[in-house]
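Here is a short tour for anyone who likes to know a protein from the inside out. Have a look at the chain below, and then we can walk through it together.

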Amino acid sequence: MAVITGPLAGEAKNTVAEALQGALVDLIDLSLVAKQAHWNLIGPHFRSIHLQLDELTDLARTHMDTVAERAVAIGANPDGRSATVARATKLQQPESGWLEDGKVVAMITGLLDGVSKRMHERVRTTEEADPVSQDLLIAVAQDIDKQHWMFQAMA
């Protein structure tokens, strides 16, 4: 059986692996919540919000793959299983049924605010341990912050 090793060891590896796992859970669930809202959205601003939710979903999916692959590169096992995401997520889940456009904008804005704060914390915790992973998390934070601004502007 092959063993994947990476450039980090000990506490540095553990710190970075934890930050990347937290980011992975946030991104997976963000993509799921955004898609759920996308499918059930109703209201006068349907079209623009529907398209913005697709953009958010694509962004989250792209970053979650990069984050998971970075975890593997440092010798950690990313865990994107549905049970793990369900257990570890910090994202508020949308109601079932049709979702009014204004409520979706408010919900997504709030979710992005929380994800942004957690990403910025992960940026800080990886600064010394692994600047490469920190750089990746900075890119995620930048895109999340942009989406947060865009959803805030719709309110």
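Leaving aside neighbours within four places in sequence, which residues is Met119 in contact with? In this predicted model, Met119 touches Ala23, Asp26 and Leu27, and also Leu137, Val140 and Ala141, once those sequence neighbours are set aside.

The largest nonpolar core holds 44 residues, and Met119 is among the members that touch the most others, along with Leu53, Val67, Val104, Ile108, Leu137 and Ile144. Four helices, α1 (10-40), α2 (46-73), α4 (101-126) and α5 (131-154), each supply at least two residues of this core. The biggest giver is α1, with 13 residues. As background, nonpolar side chains in soluble globular proteins tend to be buried together.

| Residue | Helix | Relative accessible area |
|---|---|---|
| Lys35 | α1 | 14% |
| Lys103 | α4 | 60% |

Lys35 counts as buried because its relative accessibility is 14%, which is under the 20% cut-off. Its side chain makes a polar contact with the side chain of Asp54, at 2.5 Å. Not counting residues up to four places away in sequence, Lys35 touches Thr57 and Arg61 as well as Asp54.

Lys103, by contrast, is exposed, with a relative accessible area of 60%.

Technical notes:
Residues numbered from 1 in each chain as written. Predicted model: local features only at pLDDT ≥ 70, side-chain atom pairs only at ≥ 80, totals over all residues. Heavy atoms only, no water. Core = buried A, V, L, I, M, F, W, Y, C linked by side-chain atoms within 4.5 Å. Buried < 20%, exposed > 50% of the residue type's maximum accessible area, 1.4 Å probe, protein only. Contact = heavy atoms within 4.5 Å. Polar contact = N/O pair within 3.5 Å; in protein donor to acceptor, adjacent residues only side chain to side chain.
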